[in-house]
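I set out to record what I looked up in this structure, entry by entry. The notes go from the contact between chains to the fold of one chain and then to single residues.

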There are 2 protein chains.
Amino acid sequence: MRLRNKPGAMDRIKQFPNLVIDKPEALKGLWKKQFNNYNPINIEIGTGRGDFIVGMAKLHPQVNFIGIEKYTSVIIDAMEKVIEEGLTNIVFLNKDADKLTEYFEKNEVGRVYLNFSDPWPKSRHHKRRLTHKNFLDKYKLIMPDNGEVHFKTDNVNLFEFSLQSLSEENFILQNISLDLHNSGIKNNVMTEYERKFSEKGQKIMRLEAKLK
Amino acid sequence: MRLRNKPGAMDRIKQFPNLVIDKPEALKGLWKKQFNNYNPINIEIGTGRGDFIVGMAKLHPQVNFIGIEKYTSVIIDAMEKVIEEGLTNIVFLNKDADKLTEYFEKNEVGRVYLNFSDPWPKSRHHKRRLTHKNFLDKYKLIMPDNGEVHFKTDNVNLFEFSLQSLSEENFILQNISLDLHNSGIKNNVMTEYERKFSEKGQKIMRLEAKLK
C-alpha cells in the first residue's frame, strides 16, 4: 500500500521547499538557523502519514521536529497536516535514514523517535532494523552524550531484539512498558498504526533508551 | 500458604547437614572444597519446593547448584527431592538472601537464578525486589566480572522494573523473551509456579543479564 504512486505528489511537495527540505546535506550543522531558534531538535524515522510527529509538534511548541520518511506517497499527507495546522516547529525529509550522518552533525539531534518500524522478521534482514547496531551507531554520531531513543511497537520479536541491542550498545533502558495503553501513561501521541493495532486489542510496547 | 508450619520439618532437615547447610558463613571462599570439585557454582534465590533447581542439577551434572529459601516448610520438599534423586551437585541454604555476601566471596558464584520472585507491588517496597539495585550490588560482590543473572516471571511490572534496573546497573541484557513458552526455547526447566501459571494461559517472561 505504501508504495502506491500518488500522481502529482512530488509536484505538490515541491511547492513547499521550506517544509519538505530537498537538500538536508546543505543544512548539516545549521538546523538551529533553519528553525531560527535554539530549541532542541528531535527526529522521527519512518514518519508515515505524520500523526505522531504532527501531534508532538502541537503538544511541544518549544521543541523542533524533523520527520523522515522515504515514501513520497505518504509524506505528502503528513505535509498537508502541517500546512493545515500552520505549525512552524516541524519539517520533513523525503529521504532514507541510511544517510542521517550526512544531514546532521554530532549533538544536533536530541532524540530519535522510532514508531512501529519495519520488524524485518528474517534473520538475514535484522541488520535493516532501525534498532540494529548499524543504525544505533549512526544515532550516536548525531546525538549528544545523553541523547535518547524512544521506541514503540506492537511486534514482540522486534521489541525483544531492541531491548538487547540498545543494552549492548551502551544505552540505559528507561520507562519500559509492555502494555502502554494500560500503563496509565499521559500525553501519549498515537501513530496511525498504533490506533489501528490497539483497537484490535494488540498490546503496544514502548521503551526509552538513554546514551550513557 | 508458604508460611504454614510443617511439624517436624526442622528435625528432618537437621538429619541432612551436608544437604541443608546450617552455617554457610563457615564455607565462604570454600565452596569448591565443599563440592569437592572445580565446577562452576550457580545459586537460586527463592528456591521454593525446588522443581527448578533440582531439574537443573539433573540436567547439568557438571555444575554445582545452591538453592536458597527462607521458608523451612517448603525447602524440606526440595530437600526430599534431592534425597530421592541421589544428586550430589546440589545443596540448600535455609536462609534469607540479605546475607549473601556473608556466605560467598567474589567470583564464587557464576550465575544467580531468580524465578517468580515476589513482585512487591507497592512503590515503598520496591527495594525488596530481588532485581533492585540493593540486591544487584550484592550479586556483583559474589560474581565474577562476566557473571550472569537469569530471571523468569509472569509479572509484567516486575519484568519492566527488572529490565530497567539491570540496564542501569551495568548489566547487558540477552536472550529476552516476552513469551517464553512460545519462543521455541529448549531445555527450559519449569518451576512449580511456572507450570501452574502457564497452564492458566499466563505469559512467562524471561531475561538473561550479563555483567559488563
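**Entry on the interface.** I first looked up the area buried between chain A and chain B, and it is about 1,400 Å². Carbon and sulfur atoms give 56% of that area. I then asked which residues of chain A lose the most area to chain B. They are A:Gln164, A:Ile176 and A:Leu178, which together make up 34% of what that side buries. I also noted how many residues take part: 19 from chain A and 19 from chain B. I keep in mind throughout that this is a predicted model.

**Entry on a residue of chain B.** I turned to B:Met205, which lies in strand E7 (residues 205-211) of chain B. Is B:Met205 buried or exposed? Its relative accessibility is 3%, and the cut-off for buried is under 20%, so B:Met205 counts as buried. I listed its contacts, leaving aside neighbours within four places in sequence. Among them is A:Leu178, a residue of chain A. Within chain B, the contacts of B:Met205 include B:Phe151, B:Thr153, B:Val156, B:Phe159 and B:Ser177. For B:Phe159 I also looked up the separation: 46 residues in sequence and 7.3 Å in space, C-alpha to C-alpha.

**Entry on the fold of chain A.** I found eight helices and seven strands in chain A. The radius of gyration is 16 Å, close to the 17 Å that the globule rule gives for 212 residues, so chain A is as compact as a globular protein of that length. Along its principal axes, the C-alpha trace spans about 40 × 40 × 35 Å. I noted that 49% of the 212 residues count as buried. Of the contacts in chain A with a separation of 6 or more, 77% are between residues 24 or more positions apart.

**Entry on surface and charge.** The accessible surface of chain A comes to about 10,400 Å², and 48% of it belongs to carbon and sulfur atoms. I counted 34 positive and 28 negative charges in chain A, and their mean positions are 2 Å apart.

Most residues other than glycine have a negative phi. Phi of A:Asn36 is near 65 degrees, and phi of A:Phe116 is near 50 degrees. A:Asn36 sits in the loop between helix H2 (31-35) and strand E1 (41-45). A:Phe116 sits in the loop between strand E4 (111-115) and helix H6 (133-142). Which of these is buried and which exposed? A:Asn36 is exposed, with a relative accessible area of 69%, whereas A:Phe116 is buried, at 11%.

**Entry on a buried glycine.** Last, I looked up A:Gly147, in the loop between H6 and strand E5 (148-153) of chain A. Its relative accessibility is 0%, so A:Gly147 counts as buried. What does A:Gly147 contact, leaving aside its neighbours within four places in sequence? The residues are A:Gly110, A:Phe171, A:Ala209, A:Lys210 and A:Leu211. I also looked up A:Trp31, which is 116 residues from A:Gly147 along the chain, with 17 Å between their C-alpha atoms.

Definitions and conventions. Residues are numbered from 1 along each chain as its sequence is written. Chains are lettered from A and ligands numbered from 1 in the order in which they are written. This is a predicted model: local features need pLDDT of at least 70, side-chain atom pairs count only at pLDDT 80 or more; totals for chains, interfaces and linings use all residues. Side-chain values use heavy atoms; hydrogens and water are left out. Helices (H or I, at least four residues) and strands (E, at least two) are DSSP runs, numbered from the N terminus. The radius of gyration is taken over C-alpha atoms; the globule rule is 2.2 Å times the number of residues to the power 0.38. Buried means under 20% relative accessible area, exposed over 50%, partly exposed in between (1.4 Å probe, protein chains only). Contact means heavy atoms within 4.5 Å. Accessible areas come from the Shrake-Rupley method with a 1.4 Å probe; for residues, only the protein chains shown count as cover. Lys and Arg count as positive and Asp and Glu as negative; His and the chain ends are not counted. The place of a charge is taken as NZ of Lys, CZ of Arg, CG of Asp or CD of Glu. Buried area is the accessible area (1.4 Å probe) that two parts lose on being put together, summed over both.
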